[in-house]
Amino acid sequence: MKLAIEGIGFVGAGLADWNTAAEALRSGSSPGSLSLAELGRFLKADRLPRTERRRAGKSVRLAMTACWEAVESSGLDPANLPMVFASSSGDTEVLSHTCAALAEPERMVSPTRFHNSVHNAASGYWSIAVGTHEPATALACHDDTAGAGLLEAAMQATTGGLPVLLVIYDIPFPEPMCHAEAIAEPLAVALVLRPAGHESRDRVNISLGDEGGTATPMRGSKWQALCDGVPAGRILPFLEALALGESREIVMPTDGGPTLLVDYQSTERGGQG
Amino acid sequence: MTPYPSHPRLRICHYTATNAAGTGNRAFLDALRGRRSGLAPCNFLDVDLDTYVGRVDGLEALPWPTSWADWDCRNNRLASLGLEQDGFVESVQSAVGRFGAHRVGVVLGTSTSGILHTELAFRQRDPQTGALPAMHYATTHELSSAPRFVRERLGLKGPMYAVSTACSSSGKVFASAQRLIGRGLCDAVVVGGVDTLCLTTLYGFSSLELTAPEPCRPGDPDRGGISIGEAVGFAVVEADEEDADDLCVFGVGESVDAYHMSTPHPQGAGAELAMRRALEVSGMSAEQIDYVNLHGTASRVNDAAEDLALEAVFGPGQACSSTKGWTGHTLGAAGITEMVIGALAIEYGFIPGTLNTRQVDPVFQADYRLENRDERPARVLSNSFGFGGNNCSLLFGRKEGSE
């Protein structure tokens, strides 16, 4: 499946956008860290209607912030983009608070918290913000969520012959759930993928290989920790190649299944990675 | 390898459903034809809500090998029970024999997966530290727990993931399967969905004042809301062979409302778009649809909006019914459950009516069937709509006379 990258969005690890993240990846400087409590100031929700803005949870605003950046850099109208929202556990805060509240005698789950608990909450808010009626697919595959999202988005773009918005995002579980499922950092990466034409600059060919490939490593240990510590981080070796403009095949193995092969051909520098 | 056409018709090689109305296709068919509802007053755990539920009996007592201990949760128990019905495992083994385990994928829908496991863990927090007891999040609560469990049980090696778009989840899995097969990444895909009773959905829908104090009555002018059910269903789909008159999925229509997180567009605009897209990708016209299995939850707003959407697509008088009175609203499993109902209707020559409903809302324009009829539909459209305004219409049936 041959694709072109039309736009990139990034938020997380103390890096506010893709330009900042790409510069850090190029210069070899380490990513930072951002607690769930500090996350709010990095996030945009200003294009949501006021009522929805008040209701949207942090994972929703995280995903949307990355989506806005990717869509703006693509120059495409988001109302025309089908959406693939990939997250290993969705809004972990809402899930934890709901489960905690249901263990209390009152069992209070507010209507807003309930509708925010669905895995497609972020795509629902996004579709309201941009006024799109295109299909939205929310999916999950635990630590292999990034690869599953990339696969589904690539299939949608090449099947429909049209650009697709993909966002891969996670936020950490709060106490006490963080001990049952550790997610290290809030992180969201959005990509606008278009079926590749001959004129496309950065091209990617996505295919499936045999089970048991070795994951492409990151250059720095802090980046590797982010890649390993957040399911959404599994997409980072691909972003590193994009930032460096280096052609290379990124190997994304899945647990018990095929290996996703992301063959990136940069025309910027042309060199082999 | 030669890629298939991008939107291949999918042959439905095998299917099975288990829910409160019946375990396996035979029992479910008997309940549908005998008009026996699976709904009963809620007796789930210590839930203190005045509502009816569609509960699958005996899950707690299902034999569970110690080697599966990490997977032990209500959702995987129901998935396991569903897998054992109707020779489903054997039919998957046949696909593996023909294509190889790495060419058979698994895509399942769910809304809450094994969240009950976490809800119950929160009841056992350490009173001093607040710590949770030992639990297995990844193999229970996590959304891809069931497809991972199913893949392990079936020995499959193809792509696997969970689609979780609330109540449209297990309709949309057919679109993913179509893409996996259309792009040449799989030769067969195990699709379906599983959702089980849990406190989140029972108390959540109750907080929205959407749960009825009686068995749900879809399409009734006095409908008082939904009954929540649990269900599992699976199908094996492959690329269709042109010359065979098999049961197949013609197309899947997907859309979003962009209107409200928990209320459908009042004129059913998103639902209308999903139905139109299903017809368009199938290359069919509205006249070719013999029966519409409605989303038909018995919520006031859903049923009214869906009727308007039907009128916009089909004009007045389209034959339809809601089967939620048998199963309850099985949320992320509703799409596969109602695909199986449509498949049984085609195979056994009947169109199910609507259970519990005393009369049809007089403002409705569709031919909203209350009684079962001995008619054999050839082509069925099945609707599944969810929170976040997420809509899916599945168009399936027999090819004979459709071209």
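Modeller: A salt bridge is counted here when a side-chain nitrogen of Lys or Arg lies within 4 Å of a carboxyl oxygen of Asp or Glu. Please keep in mind throughout that this is a predicted model.

Biologist: With that cut-off, which side chain meets A:Arg194 in a salt bridge?

Modeller: The structure holds 36 salt bridges over all chains, and one of them has its N and O atoms at 3.5 Å, inside the limit of 4 Å. The pair links distant parts of the chain, 188 residues apart, with A:Arg194 in strand E5 of chain A and its partner in strand E1 of chain A. The side chain that meets A:Arg194 is that of A:Glu6.

Biologist: How much area do chain A and chain B bury between them?

Modeller: The contact involves 58 residues of chain A and 62 residues of chain B. On the side of chain A, A:Arg107, A:Phe114 and A:Thr159 lose the most area to chain B, together 14% of what that side buries. Carbon and sulfur atoms carry 65% of the buried area, which in total is about 4900 Å².

Biologist: Which residue of chain B forms a salt bridge with A:Arg107?

Modeller: Across the interface of chain A and chain B the rule finds five salt bridges, together with 21 residue pairs in polar contact, both residues being at pLDDT 80 or more. In the salt bridge of A:Arg107 the closest N and O atoms are 2.9 Å apart, and the partner is B:Asp46.

Biologist: Which element gives the largest share of the side of chain A that touches chain B?

Modeller: The elements that give two or more residues to that side include helix H4 (92–102), helix H5 (111–116) and helix H6 (121–130) of chain A. By class, the side has 29 nonpolar, 21 polar and eight charged residues. The largest share, seven residues, comes from H7(A).

Biologist: Within chain B, which residue is the bridge partner of B:Leu39?

Modeller: An open sheet of three strands in chain B has the order E3-E4-E8, with mixed pairing. Strand E3 (39–41) and strand E8 (228–229) of chain B each have a single partner strand, so one side of each is left without a neighbour in the sheet. E3(B) and strand E4 (residues 52–54) of chain B pair in the antiparallel sense over three bridges, and the partner of B:Leu39 in E4(B) is B:Gly54.

Biologist: Turning to the backbone, is the peptide bond from A:Glu175 to A:Pro176 cis or trans?

Modeller: Most peptide bonds are trans. A:Pro176 lies in the loop between strand E4 (164–170) and strand E5 (187–195) of chain A. With omega near -10°, the bond from A:Glu175 to A:Pro176 is cis.

Biologist: What is phi of A:Ala13?

Modeller: A:Ala13 lies in the loop between strand E1 (2–12) and helix H1 (18–27) of chain A. Most residues other than glycine have a negative phi. A:Ala13, a residue other than glycine, has a positive phi, near 55°.

Terms used:
Residues are numbered from 1 along each chain as its sequence is written. Chains are lettered from A and ligands numbered from 1 in the order in which they are written. This is a predicted model: local features need pLDDT of at least 70, side-chain atom pairs count only at pLDDT 80 or more; totals for chains, interfaces and linings use all residues. Side-chain values use heavy atoms; hydrogens and water are left out. Contact means heavy atoms within 4.5 Å. Buried area is the accessible area (1.4 Å probe) that two parts lose on being put together, summed over both. A polar contact is a pair of N or O atoms within 3.5 Å; within protein, one must be able to donate a hydrogen and the other to accept it, and residues adjacent in sequence count only if both atoms are side-chain atoms. Helices (H or I, at least four residues) and strands (E, at least two) are DSSP runs, numbered from the N terminus. Ala, Val, Leu, Ile, Met, Phe, Trp, Tyr, Cys and Pro count as nonpolar, Asp, Glu, Lys and Arg as charged, and the others, Gly among them, as polar. Two strands pair if DSSP finds at least two bridges between them.
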